[in-house]
Amino acid sequence: MKSNNIGVGDQGSTGAGQAAANCGRRPDADPASCGRRPDADSLRRDLLLYAVTDRHWLHGETLYSQVEKALGGGATFVQLREKDLDYDDFLAEAKDLQRLCRSHKVPFVINDNVDIALAMDADGVHVGQSDMEAGDVRAKLGPGKILGVSTETVEEAILAEKRGADYLGVGTVFPTGSKDDAIPVSHETLTAICDAVSIPVIAIGGITLSNTGELAGSGICGIAVISAIFGQPDIEAATAELLEATREMVEK
């Protein structure tokens, strides 16, 4: 059985190791490794609490301030997800957020847009099944960047790993308003995917503080969320609570 469970210590060690994408959270991390593709063990630690941005939840705030609060609460990975911004605005925003994430030594990836990721030297890209094929993304990114791929089946997961994915986002695992037509992936399928691949797996879709514990025992190394962080009135506090719940879940 290829389990993706990891031992997670205190928050200070929940980040990249010596070969991490952004120098890592560990004080002994090598600064020369900044910007490099992390090894699998480092990436597993980074993926514990993965925050995905969404303008739907801004409510008068800036994306920068919201991400800053999430990082303050302990988010260990950040994905910028933009569907409607023009190229110049997207690029400027991505550069600002990457600087913020690097100041916290947290990996930063772009959803779908490989050109933006390359233009601003993001740590990587996350793509779905309907986006650019994973092998083509890897060829365009080169070997030194993080590639995440969304999957729903064992077959998709195995293929994504073969084509160069560094981690998988599996879901949706619970009903979610962000994808109304999505059919939830069962706990059994999630576990089967973790067993079938050697790369880290995170769960995505509909995850909240109250249902995180239901994912225990599946083999995932973390969760990806939107509203469970950015839809909360106190983003920093919500992130900290979710981090602790996720840590407890992956240790079971």
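Strand β3 (residues 108-111) and β4 pair in the parallel sense over three bridges, where pairing requires that DSSP find at least two bridges between two strands. Helices (H or I, at least four residues) and strands (E, at least two) are DSSP runs numbered from the N terminus. This is a predicted model, in which local features need pLDDT of at least 70 and side-chain atom pairs count only at pLDDT 80 or more, whereas totals for chains, interfaces and linings use all residues. Residues are numbered from 1 along each chain as its sequence is written, and side-chain values use heavy atoms, with hydrogens and water left out.

**Overall architecture**

- The protein chain contains nine helices and eight strands.
- Eight strands form a closed barrel in the order β1-β2-β3-β4-β5-β6-β7-β8, with parallel pairing.
- On average, neighbouring strands of this sheet are turned by 25° against each other, direction ignored; axes are lines fitted to C-alpha atoms, for helices over the stretch in contact, and angles run from 0 to 180 degrees between N-to-C directions.
- Of the 252 residues in the protein chain, 54% are buried; buried means under 20% relative accessible area, exposed over 50%, and partly exposed in between (1.4 Å probe, protein chains only).
- Among contacts in the protein chain with a separation of 6 or more, 61% join residues 24 or more positions apart; a contact means heavy atoms within 4.5 Å.

**Strand β3 and its surroundings**

- Ile-110 stands opposite Val-125 in β4.
- Helix α3 (residues 87-103) packs on the sheet and touches β2 (77-80) and β3, its direction making about 155° with that of β3.

- Val-52 is found in strand β1 (residues 49-52) and counts as buried at 8% relative accessibility.
- The C-alpha atoms of Val-52 and Arg-81 are separated by 6.6 Å, although these residues are 29 apart along the chain.
- Leaving aside neighbours within four places in sequence, the contacts of Val-52 are Gln-79, Arg-81, Ala-224, Val-225, Ile-226 and Phe-230.
- Gln-79 has its place in strand β2 and is buried, at 4% relative accessibility.
- The side chains of Gln-79 and Tyr-50 make a polar contact (2.8 Å); a polar contact is a pair of N or O atoms within 3.5 Å, and within protein one must be able to donate a hydrogen and the other to accept it, while residues adjacent in sequence count only if both atoms are side-chain atoms.
- Beyond its neighbours within four places in sequence, Gln-79 is in contact with residues including Val-52, Val-109, Ile-110 and His-126.
- Thr-76 lies in the loop between α2 (63-73) and β2, and its relative accessibility of 1% makes it buried.
- The side chain of Thr-76 reaches the backbone oxygen of Asp-46 at 2.6 Å, and a polar atom of that side chain lies 3.4 Å from the backbone nitrogen of Leu-48.

**Helix α5**

- α5 lies across β4 and β5, running at about 170° to β5.
- The buried residues of helix α5 (residues 134-141) are Ala-134, Val-137, Arg-138 and Leu-141.
- These residues cover an arc of only 100° around the axis, which puts them on the same side of α5; the arc is that of the directions from the helix axis to the C-beta atoms.
- An α-helix has 3.6 residues a turn, so residues three or four places apart point the same way.
- The cover over the buried residues of α5 includes α4 (114-119), β4 (124-127) and β5 (146-151).
- At the start of α5, a side-chain oxygen of Glu-133 reaches to within 2.8 Å of the backbone nitrogen of Gly-135.

**Helix α7**

- In helix α7 (residues 187-196), the buried residues are Leu-190, Thr-191, Ile-193 and Cys-194.
- Seen down the axis of α7, these residues fall within an arc of 160°, so they line one face of the helix.
- The buried residues of α7 are covered by elements including β5, α6 (154-162), β6 (167-170) and β7 (201-204).

**Cysteines**

- The structure holds zero disulfides, a disulfide being a pair of cysteine sulfur atoms within 2.5 Å.
- The closest cysteine sulfur to that of Cys-221 is in Cys-194, at 8.1 Å, too far for a bond.
- Cys-221 is buried, with a relative accessible area of 0%.
- Cys-101 also counts as buried, at 0% relative accessibility.
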